[in-house]
Amino acid sequence: MNKEAWSGIFPALVTPFKSDDTIDFELFGKNLDAQVEAGITGVIVGGSLGEASTLTRAEKMELVKYAKQALPAGLPVVLGIAEQSTAEAVSIAKEAESAGADGLMILPPMRYKADDAETVHWFKTIAQSVSLSIMIYNNPYDYKIEVTLPMFEELAKIPNIHAIKESTRDVSNVTRLFNRFGDRFRVFCGVDTLIMEEVMLGADGVIGGLVDAFPKETVAIFNLVKAGQYKEALAIYRWYLPLLELDIHPKLVQNIKLAAAKMGIGSEYVREPRLPLQGAERERVIAIIDQAIATQPELPDYLNLAVDVA
């Protein structure tokens, strides 16, 4: 996977479970098929939305291998890395490379609030342990560690660090990155509610959550914006926003799994300590999803647009 492959829509895939808490690979395959039909350009498995903290190492590798054999040749499979120690992260990165992963999306240290030097060392050590293409996940809002521009200066020295998942929730940071680094990194929007704004600012792609349930609409917004058809993109985005807001919530996994289940390409089962939504909370989310389904817009022919991702 080269740097140019980092473009378009990469769903952060949920991990579907059966009632017995095992991975439902049949349903996983069904969702993959829907993503491919919609026009996605790569996938993330074993990320935060994929409940990585509850997956075993073996399960992560099974997801990588299944996705590789299920997807058309050339669509990259990226594994999330968010381990508790650098040594474990390096070990899983190497195993993922052997299992056929094309890239890694690396989160900062999770249980220890590392300083800048420690965080840079963490990213560098993992990236240099493999030949895989690397995305740095910058999400200080949720993970309390910001990868600053000076830190990216250091990371830019590592040749296989190719991309940034920009989740600071500050849309101007997209412009800061391009102003500072030009085309050194591919920049992806990592916040569902900001997809249109950040793609208009030049983001190369989107790591999405609600795409798990509504893949065509997500790809349509990206392609329409890249083709300069802003009015058409905006109409879809305004319809989509109440759904996208389900992603910026502590129970984003339950929310998005419920949406995917309502669309017939997912299930509500989550792995404890998470529990499925219940009562008034569940009814509120269902009302949002049902309203969206009832008013689902007719999409233009977004797959045949001349999309500029340079």
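Predicted model: local features only at pLDDT ≥ 70, side-chain atom pairs only at ≥ 80, totals over all residues.
Q: Is Glu51 buried or exposed?
A: A residue counts as buried when its relative accessible area is under 20%. Glu51 has a relative accessible area of 0%, so it is buried.

Q: Where does Asp21 lie, and how is its accessibility classed?
A: Asp21 belongs to the loop between strand 1 (8-11) and helix 1 (25-38). Its phi is near 75 degrees, a positive value in a residue other than glycine. Because its relative accessibility is 34%, Asp21 counts as partly exposed.

Q: Which peptide bond is cis, and where is Pro273 found?
A: Most peptide bonds are trans. Here the bond from Glu272 to Pro273 is cis, with omega near 20 degrees. Pro273 is found in the loop between helix 11 and helix 12.

Q: Why can helix 11 be described as largely enclosed by the rest of the structure?
A: One counts how many of the residues of the helix are buried. For helix 11 this is eight of 11, and therefore the helix is largely enclosed by the rest of the structure. The buried residues are Val253, Gln254, Asn255, Ile256, Lys257, Leu258, Ala259 and Ala260. They pack against helix 12 (279-294). Following helix 11 comes Gly264, with a positive phi near 80 degrees.

Q: How much space lies in the largest pocket, and which residues are closest to its centre?
A: Rolling a probe the size of a water molecule over the atoms shows where empty space is left. The largest pocket holds about 840 Å³ of space. It is lined by 38 residues, of which Ser48, Leu49, Tyr143, Leu252 and Arg274 are the closest to the centre.

Q: Which elements each supply at least two residues of the lining of the largest pocket, and how does the lining divide by class?
A: Helix 5 (140-143), strand 8 (205-208) and helix 11 (252-262) each supply at least two residues. Helix 5 gives the most, with three residues. By class, the lining comprises 17 nonpolar, 11 polar and 10 charged residues.

Q: How many cavities of 30 Å³ or more does the structure hold, and what lines the largest cavity?
A: A cavity differs from a pocket in that the probe fits but cannot get out. The structure holds one cavity of 30 Å³ or more, and the largest cavity contains about 30 Å³ of space. Its lining consists of Val14, Pro16, Leu27, Phe28, Asn31, Ile265 and Gly266. Five of these residues are nonpolar, two are polar and none is charged.

Q: Where is Asp204 found, and is Asp204 buried or exposed?
A: Asp204 is found in the loop between helix 8 (195-200) and strand 8. Its relative accessibility is 5%, so Asp204 counts as buried. Asp204 and Ala163 are 41 residues apart in sequence, and their C-alpha atoms are 9.4 Å apart in space.

Q: What radius of gyration does the protein chain have, and how many of its residues count as buried?
A: A compact globule of 310 residues would have a radius of gyration near 19 Å; the protein chain has 18 Å, which agrees. Of the 310 residues, 55% count as buried. Among contacts with a separation of 6 or more, 72% join residues 24 or more positions apart.

Key
Residues numbered from 1 in each chain as written. Heavy atoms only, no water. 1 Å grid on protein atoms, 1.4 Å probe; cavity = no way out; pocket = protein on both sides within 12 Å on 5 of 7 lines; lining within 4 Å. Points joined across faces, edges and corners; volume = space filled by probe spheres on them. Helix = DSSP H or I, 4+ residues; strand = E, 2+ residues; numbered from the N terminus. Nonpolar A, V, L, I, M, F, W, Y, C, P; charged D, E, K, R; others polar. Rg over C-alpha atoms; globule rule 2.2 N^0.38 Å. Buried < 20%, exposed > 50% of the residue type's maximum accessible area, 1.4 Å probe, protein only. Contact = heavy atoms within 4.5 Å.
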